[in-house]
Each structure stands twice: as structure tokens, then as C-alpha cells.
Amino acid sequence: MSRATKKVSPRRTTLPLHAIALVVGAFIIVPVVYALLGGFKDNSELSGNPFGLPGTWVTANYTDVLASGSFWLQLWNSTFIAVVTTVLTVALSALAAFVFARFAFRGRELFFTLFTAGLMFPFAVAILPIFVLLRTFGLLDNPLGVILTQAAFGLPLTIIILRGFFRSIPGEIEEAATIDGCTPFGFFWRILLPMARPAIATVSVLAIVGSWNNFMLPLVVFSQETSWTLPLGIQQFQGQYASDTARILAYLILAMVPALGFYAIAERHLVGGLTAGATKG
Amino acid sequence: MTTLTKGPEAVRLPAPPPAARRRGRWVTITLFLLPAIVLFLMLVVAPMVVAAYSSLFRWNGFGGLPTDFIGLDNFTRLFSSEIFVQDMWHLVVLVALSIFVQLPFSLAVAMLLHQRMRGRAIYRMVFFAPYVLSEVITGVLFSLILSPGSGMANQVLSVFGWESEWLADPDTVLPSLFLVMTWKYFGFHMMIYLAGRQNIPDELVEAAQIDGATAWKTFRYVTLPLLGPTIRISVFLSVIYTIQLFDLVWILTGGGPSHASETMAVTMMDWGFKRSQVGYASAISVVMFVLSLVFALFYQRLVMRRDLEGATTSMGGRR
């Protein structure tokens with residue numbers, strides 16, 4: 001770290017920095033605070049008094065959303081799809097990454113290159129054939145249709161990150177385990193995976209966030225309201241209550257809570273994973 | 001590419017016969033690799049191939065594989081379509097805005113937050129937070145804030161006697177869209193830059209300061225060149241992302257008003273799902289793919305080549 005040039009009063013030297021940071025912070029925060037407070041207003045107050053605290057705190061917008069079954073159903077759908085996607089992605093990737101990292105065999109580079117090339121396949125390009133494919137297999141309006149597709153597109157990055165980590169674990173450990181009678185799967189399951197816990201956490205967090213925020217795929221796969229995830233529900237809610245701005249704001253805020261809560265818990269893994277993933281990809 | 005599995009053969013205590021061992025090895029390799037490969041081939045590779053194939057047909061998406069072969073007609077129709085040509089123009093505009101406005105802004109904020117100052121962890125966390133929110137939340141929130149009548153943005157501007165139609169005016173829709181993109185994504189680029197900056201040894205920066213370089217010159221001739229690889233990656237990600245831009249546009253404007261903010265992905269979804277012209281829509285997806293691929297290859301060949309050689313310290317006075 002470079003030391004502050006003036007030792008006398010470091011607070012004064014950082015004051016302009018704080019001023020700029022606060023302006024940027026306001027740019028980020030004001031829309032969210034507007035939504036948060038707006039949710040406590042009624043619509044007439046919202047248009048007359050967008051920024052101030054509500055004259056009377058109207059809680060109906062929030063409680064109505066929380067009392068509606070659809071919000072909770074969407075929350076459940078999003079959670080279910082995110083969790084199953086993550087488990088599937090990480091499990092399949094870990095097995096593949098183990099083979100790529102620890103076995104030498106003919107065709108290894110070919111398959112690995114195939115997966116790394118997968119990083120280059122933009123999801124949007126494949127959406128039409130995927131839709132046709134899922135329709136053929138009767139997987140429309142089935143969570144599995146979204147889960148399998150998300151897992152397939154999550155494989156490349158997850159495999160690359162895990163393979164890198166698996167390779168960094170010394171070969172002596174594997175030799176020792178094999179001498180002690182460990183099968184390859186035993187080594188993978190009992191030794192490698194526990195050692196790779198930080199890497200597993202990182203790729204899991206990435207998979208969860210990717211699934212949670214996915215919009216395009218659920219949009220084409222789910223037509224029935226009972227299958228909707230939160231992003232679809234929000235979009236629909238906006239259409240349904242187009243003139244009821246305060247109620248939409250309340251819905252937005254409630255939908256933000258799980259994502260921001262997760263961010264608060266998993267910040268380190270998320271940021272580390274995204275920047276590492278970005279630079280490796 | 002070292003192999004790490006030849007150890008056990010050398011020791012071989014309870015060793016099963018070598019043939020059985022070798023067979024066991026192949027069983028392991030196959031069993032472990034197969035699920036991932038099957039899923040990947042079925043849901044990533046095959047759809048890409050089908051997209052390329054069906055772009056040569058007139059096809060409504062029903063009844064097995066397409067049969068009405070029309071060669072490259074979809075592509076000629078595409079490139080003579082005014083909407084698609086506009087899509088490409090929007091791509092150029094958004095990429096230019098990202099590279100010349102959003103990324104320098106992210107870089108400036110990153111340099112700011114690299115300074116030792118109280119609360120910078122909180123600033124960092126707040127600036128990155130929008131990246132975690134879904135495009136849909138962001139889009140709906142800003143469609144309300146930027147609504148042309150009494151949206152929040154106009155109420156702020158009205159204090160200064162200003163007003164804007166934002167997303168409702170073809171002339172302002174792209175800058176408005178870009179504003180929302182910046183809100184959501186600058187924190188991501190900032191984090192990449194921060195990580196890159198942390199990899200630069202502080203001795204280099206201090207040496208420049210001791211030699212009497214001003215803050216600007218230190219940045220311009222020391223920090224910036226050393227950040228080169230990081231910057232080039234964030235430009236790369238920004239371009240690839242913009243080529244596929246869909247969610248935000250779909251929510252904010254649906255491509256309107258009168259196609260003024262439409263992107264390739266929006267046009268594709270429009271033809272593919274609303275008008276059931278899957279062959280034509282596939283042609284759009286092929287163009288998106290080729291564009292991404294060509295860009296990636298050229299960019300990695302020409303711009304990122306020296307980064308891939310891993311030369312962070314051997315940079316002369318370039319850039």
C-alpha cells in the first residue's frame with residue numbers, strides 16, 4: 001500500500017476521495033432507496049414526493065405481496081432450480097475435472113478443448129434449437145428442462161476452474177492414498193473433494209447466481225404460472241399492475257432481498273470467482 | 001500437461017494384474033467423463049449445429065427437422081433487412097460507449113478505491129451489488145424510474161428545468177439503456193481492475209513517485225501499462241456480452257420505440273418465438289455466433305497475444 005503522502009492529517013487528504021466515492025455511491029443507491037421508500041407510499045404520494053420519507057407508512061404493498069401465494073411459489077421455484085442446477089453442474093464438472101487433471105489418456109486434450117470452446121458458445125445462439133429439443137422430449141414447463149440446460153452451459157467454466165485446482169494438489173497425496181488401498185473414486189470422494197472445498201464453494205456460488213438471475217431460458221420454457229421463477233414473476237407483475245407503481249416497487253424490493261442477502265454472505269467467493277472466472281475465460 | 005497418475009505402478013503393493021488395472025483405469029475415465037460429455041453434446045453442441053443447419057431452411061420450428069432448403073436466402077434477406085442493419089449499428093454504439101465511457105469510469109473508480117481510505121470495503125461492496133441483482137429487477141426498476149411522465153429521473157431533472165423522454169424517445173433510448181448498463185455492470189469491471197491493480201507491486205509505483213513523477217504521470221506511464229492485460233480482458237468481456245445483449249433490452253424497451261434499441265438477440269427472439277420463422281431467426285443466431293467467434297479469435301491473436309505469454313513485467317513503454 002502506498003502511504004499517504006501527508007502524514008499530518010490523513011483525513012483531510014482522503015476527503016476529495018470520499019466526495020467522489022459518495023457521488024458514485026449515490027448513483028448506485030438512490031434507485032434502490034427510492035424503490036424501498038416508494039414501496040411504503042401510495043401512488044399519489046409517490047408521484048408528488050418521490051424522495052422524502054412517506055407521510056404515512058403504507059405497509060399494504062409489502063404485506064399484499066407477502067400474503068400472495070405466487071411470490072412464495074416463485075421464490076421456491078427459483079430456489080429449487082438454482083440448487084438442483086448447482087448440485088448437478090458441480091457434480092458432473094468435478095468428476096470430469098478429476099479425470100482431466102489426474103489421468104493421461106488419448107483424446108484428453110480433444111475433449112478438454114471441446115469444453116473450453118464451450119465458453120465461446122453464446123447461450124442466445126442455441127435458444128431456438130434448445131426450445132425445439134425440450135419440446136420434443138416433453139420438458140417444456142418442467143423444471144428439469146431449465147435445470148439440465150443451465151447445467152450443460154455451466155460445465156465449461158466450472159470444469160476449467162476445478163481442473164486448475166485439482167492439478168495443484170500434489171501427486172504424492174494420491175500415491176499415498178493409492179498405496180493405502182484407495183480406489184480412484186475413493187481418492188476423489190474422500191480426499192480430493194474435501195481439499196477442494198474453497199474451489200467448490202466458488203463454482204457453486206457462481207452457478208447459484210447464474211441460475212437465480214437467468215431470464216431468457218425460463219422465459220421460453222415456462223408458460224404456466226405455476227412454474228415461474230422470480231424473474232418471470234417480476235416481469236409478469238409489472239405487466240399486470242402497470243399503473244400501480246408503488247406495488248411493483250415493493251415486489252422488486254422483496255425480490256432483491258434473497259439476492260442481496262446471498263451476496264452479503266458469499267461476497268468473497270462471488271467476487272473472487274467472478275474475477276478469476278473472467279480472467280481465465 | 002504433466003501426468004500425475006503413474007506413481008502407483010512404481011510401488012504396487014496389493015497390485016491387481018496390470019491388464020485388469022488398465023481396464024479399471026478406462027472404466028474410471030469413461031464413467032467419470034461420460035455424464036458431462038453427454039449433457040454437453042446434447043444441450044450445447046447439438047443445438048449449435050442444429051441452429052447452423054436450420055438457418056439454411058425455411059422452417060416454422062415444427063415437424064422434426066426442417067425440409068424446405070433455401071440455401072443462403074435467410075442471410076441475404078437478413079443483411080438487406082433494415083432492422084438487422086440497425087441492430088449492428090446499435091451494437092457498435094453500445095460497444096463504443098462501453099469502451100470509451102463505462103470502462104474508463106470503472107477504471108477511475110477502481111484507482112480511487114485502491115487508495116487507503118476509510119470505508120473502502122463498504123464502497124466496493126455497494127458498487128458491486130447491482131451486478132448481483134438480476135437483469136429483470138434492474139430493468140423493471142429503471143423502467144419505472146425512467147418513465148417519461150412522472151418517473152423519478154424526470155422529477156429530479158425538473159428541479160433544473162429539464163426533462164427527457166428517456167427510453168420512449170428513439171434519440172435518447174440508447175444512451176438511457178447504456179446508463180442502466182453502467183449502473184449494473186461498472187462494478188464488475190471495477191472489481192477486475194482492482195484485482196489487476198493489486199497484482200502490481202507497489203514498489204514500481206513508489207519508485208516513480210520518488211523519481212518525482214506526478215500522480216497523473218505515475219498512472220499514465222506506470223500503472224496503466226501494467227494494467228494492460230486486465231484492461232484488454234475487460235474490453236473483451238464487454239464486447240462479447242454486448243453482442244448477446246438481451247435481458248435488459250427486452251425488459252426495458254422490448255427493442256422499441258420503433259426498433260430504436262433493438263439488438264440482434266431481441267430480433268432473433270422476435271422472429272423465432274413471436275412469428276415462428278425459426279429458420280430466419282437461426283440465421284440471426286449464426287451471425288451472432290460467427291461475430292463472437294471472429295472477434296474472439298482476432299482479439300486473442302492480435303491484442304491479447306502478448307498477455308497469453310504471461311509478460312506482465314517485460315512491458316516497455318507501449319500503450
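This is a predicted model: local features need pLDDT of at least 70, side-chain atom pairs count only at pLDDT 80 or more; totals for chains, interfaces and linings use all residues.
Chain A and chain B touch each other, with 80 residues of chain A in contact with 78 residues of chain B. Chain A is split into two domains, and the domain assignment of chain B also gives a domain 1 and a domain 2.

**Where the chains meet**

- On the chain A side, helix H13 (residues 245-280) of chain A gives the largest share of what touches chain B, namely 15 residues.
- That side of chain A is made up of 59 nonpolar, 17 polar and four charged residues.

**A helix pair across the two chains**

- Helix H6 (residues 123-136) of chain A packs against helix H14 (residues 278-303) of chain B, with an angle of about 155° and axes 8 Å apart.
- An angle over 145 degrees counts as roughly antiparallel, and H6(A) and H14(B) are therefore roughly antiparallel to each other.
- Look at how they cross, too: H6(A) and H14(B) make a left-handed crossing.
- H6(A) brings A:Ala124, A:Val125 and A:Leu128 to this contact, while H14(B) brings B:Val278, B:Ala281, B:Ser282, B:Ser285, B:Met288 and B:Phe289.
- Sorted by class, the residues where H6(A) meets H14(B) come out as seven nonpolar, two polar and no charged.

**A helix pair inside chain B**

- Helix H4 (residues 82-114) of chain B and helix H8 (residues 173-198) of chain B pack with their axes 7 Å apart, at an angle of about 45°.
- H4(B) and H8(B) are therefore oblique to each other.
- The crossing in which H4(B) passes H8(B) is right-handed.
- The contact of H4(B) with H8(B) counts 15 nonpolar, six polar and one charged residues.

**The two domains of chain A**

- Domain 1 of chain A runs over 10-60, and domain 2 of chain A over 69-280.
- Taken over C-alpha atoms, the centres of domain 1 of chain A and domain 2 of chain A are 34 Å apart.
- Where they touch, domain 1 of chain A puts in eight residues and domain 2 of chain A puts in seven residues.
- On the domain 1 side of that contact in chain A, the elements giving two or more residues are helix H1 (10-38) and helix H2 (43-48) of chain A.
- H1(A) gives the largest share of that side, with three residues.
- By class, the side of domain 1 of chain A that touches domain 2 of chain A holds three nonpolar, three polar and two charged residues.

**The two domains of chain B**

- In chain B, domain 1 covers 14-73 and domain 2 covers 75-308.
- The centres of domain 1 of chain B and domain 2 of chain B, taken over C-alpha atoms, are separated by 34 Å.
- Their contact takes 12 residues from domain 1 of chain B and 10 residues from domain 2 of chain B.
- On the domain 1 side in chain B, helix H2 (18-54) and strand S1 (57-58) of chain B each supply at least two residues.
- H2(B) gives the most there, with three residues.
- That side of domain 1 of chain B has six nonpolar, four polar and two charged residues.

**What the UniProt record says about chain A**

- The unreviewed UniProt entry lists "transmembrane region" for residues 20-40, 80-103, 110-132, 144-166, 187-209 and 248-266 of chain A.
- In the model, residues 110-132 of chain A are 83% helix and 0% strand, with end C-alpha atoms 29 Å apart.
- Residues 187-209 of chain A are 96% helix and 0% strand, and their end C-alpha atoms are 30 Å apart.
- The unreviewed UniProt entry also gives "domain: ABC transmembrane type-1" for residues 75-266 of chain A.
- Over residues 75-266 of chain A, the model is 81% helix and 0% strand, and the end C-alpha atoms sit 19 Å apart.

**What the UniProt record says about chain B**

- For chain B, the unreviewed UniProt entry puts "transmembrane region" on residues 31-53, 88-113, 125-146, 173-194, 233-252 and 278-299.
- Residues 31-53 of chain B are 100% helix and 0% strand in the model, with 31 Å between the end C-alpha atoms.
- Residues 125-146 of chain B are 86% helix and 0% strand, with 25 Å between the end C-alpha atoms.

Terms used. Residues are numbered from 1 along each chain as its sequence is written. Chains are lettered from A and ligands numbered from 1 in the order in which they are written. Axes are lines fitted to C-alpha atoms, for helices over the stretch in contact, and angles run from 0 to 180 degrees between N-to-C directions. Helices (H or I, at least four residues) and strands (E, at least two) are DSSP runs, numbered from the N terminus. Angles under 35 degrees count as roughly parallel, over 145 as roughly antiparallel, 65 to 115 as roughly perpendicular and the rest as oblique. A crossing is left-handed if the near helix is turned anticlockwise from the far one by less than a right angle, and right-handed if clockwise. Ala, Val, Leu, Ile, Met, Phe, Trp, Tyr, Cys and Pro count as nonpolar, Asp, Glu, Lys and Arg as charged, and the others, Gly among them, as polar. Domain bounds come from an automatic or database domain assignment. Two residues are in contact if their C-beta atoms, placed from the backbone, lie within 7 Å. UniProt positions are given in the numbering used here, feature names are shortened, and annotations may be inferred rather than shown by experiment.
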